[in-house]
Amino acid sequence: HKCNCKYTTASGDGFFSALSENILYYPLNGDKVDLIAYYPHVTNHTSDHCIKIDVANQANLPGIDLMTSNRVVGASKNNPAVSMDFTHKLTKLQFKLKREDNTLKKNIKSLVIKGMNTTATFGILTGELSAYAEAKNIEVPVNNSETATAIVLPREAAAGVSFTITLDDDTEYAVAMKDDMELKTATKSTFPIKPRDKQTPV
């Protein structure tokens, strides 16, 4: 069998094609096969079809937005049409940054997530994330000093996650994420954050 063949959709219309060396062909004898797809494509998957996920670098969100398709069962040369539905496997954080009066004239220079794991192993066939590791600071690009978006690993509710905002005068404001907040797969959580001297969990 062939695996990890790269198919792309240039126009984003849902139709995928591959270079000649990656084209998949159904068995000539009519045997049925199962198909599953994932995004984004990586070349260094393991023999048991696992890939490493790393969300430390947030500069290109589409490049880390892990998605997998449903498993198509029983495709063959006699039943060649394949339709796949993709679902997100990570979680999105949306930050709305609102400045208080004392910071109104200062730009928000950076937003850093602290206390989250940044790497994991994903099983393409199982659809499961495992081996979470490498807790490190995650710098989130800030758009127009008002909004920021991050894609991170799902996590169960636990203490230890915080968000640090730095203004252009290097003043820092830190706020903790609520200890009972779970970040579930394929969800988006919105955090309104106002830089001020006394912060409460969000």
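## A buried asparagine to start

Asn22 is buried, since its relative accessible area is 19%, where buried means under 20%, exposed over 50% and partly exposed in between (1.4 Å probe, protein chains only). Asn22 sits in the segment before β1 (33–35); strands here are DSSP runs of E with at least two residues, numbered from the N terminus. Leave out its neighbours within four places in sequence, and Asn22 is in contact (heavy atoms within 4.5 Å) with Lys2, Cys5, Lys6 and Tyr7.

A word on the ground rules: this is a predicted model, so local features need pLDDT of at least 70 and side-chain atom pairs count only at pLDDT 80 or more, while totals for chains, interfaces and linings use all residues. Residues are numbered from 1 along each chain as its sequence is written, and side-chain values use heavy atoms, with hydrogens and water left out.

## Salt bridges

Side chains of opposite charge can pair when their charged atoms come close. Here a salt bridge is a side-chain nitrogen of Lys or Arg within 4 Å of a carboxyl oxygen of Asp or Glu, and a search of the whole structure turns up four of them. One of these joins Arg71 to Asp34, with the closest N and O atoms 3.5 Å apart. Arg71 is in the loop between β4 (67–69) and β5 (72–75) and Asp34 is in strand β1, so this pair ties together parts 37 residues apart in sequence. Arg71 is partly exposed at 45% relative accessible area, and Asp34 is partly exposed at 40%.

Next up is Glu134 with Lys52, whose closest N and O atoms are 3.7 Å apart. Glu134 belongs to strand β10 (residues 129–135) and Lys52 to strand β3 (residues 50–54), so the pair links parts that are 82 residues apart in sequence. Lys52 is exposed at 55%, whereas Glu134 is partly exposed at 37%. There's a network here too: salt bridges link Lys52, Glu134 and Lys136. Then there is Asp170 with Lys109, where the closest N and O atoms are 2.5 Å apart. Asp170 is in the loop between β14 (162–167) and β15 (172–176) and Lys109 is in strand β8 (residues 108–114), so parts 61 residues apart in sequence are tied together.

## Surface patches

Patches are built from residues with over 30% relative accessible area and no salt bridge, joining like charges within 9 Å and nonpolar side chains (Val, Leu, Ile, Met, Phe, Trp, Tyr) within 5 Å. Lys92, Lys96, Lys98, Lys188 and Lys194 make a positive one; Lys and Arg count as positive, Asp and Glu as negative, and His and the chain ends are not counted. Lys194 comes in the segment after β16 (188–193) and is partly exposed at 35%.

On the nonpolar side, Tyr7, Phe16, Leu24, Tyr39 and Phe86 form a patch with about 430 Å² of accessible area together, by the Shrake-Rupley method with a 1.4 Å probe. Phe86 is in strand β6 (residues 86–88) and is partly exposed at 33%.

Pro40 itself is in the loop between β2 (38–39) and β3.

Ala131 is not a glycine, yet its phi is positive, about 55°. Ala131 lies in strand β10 and is exposed at 53%. Ala186 also has a positive phi, near 60°; Ala186 is in the loop between β15 and β16 and is partly exposed at 48%.

Notes
Charge placed at Lys NZ, Arg CZ, Asp CG, Glu CD. Helix = DSSP H or I, 4+ residues; strand = E, 2+ residues; numbered from the N terminus.
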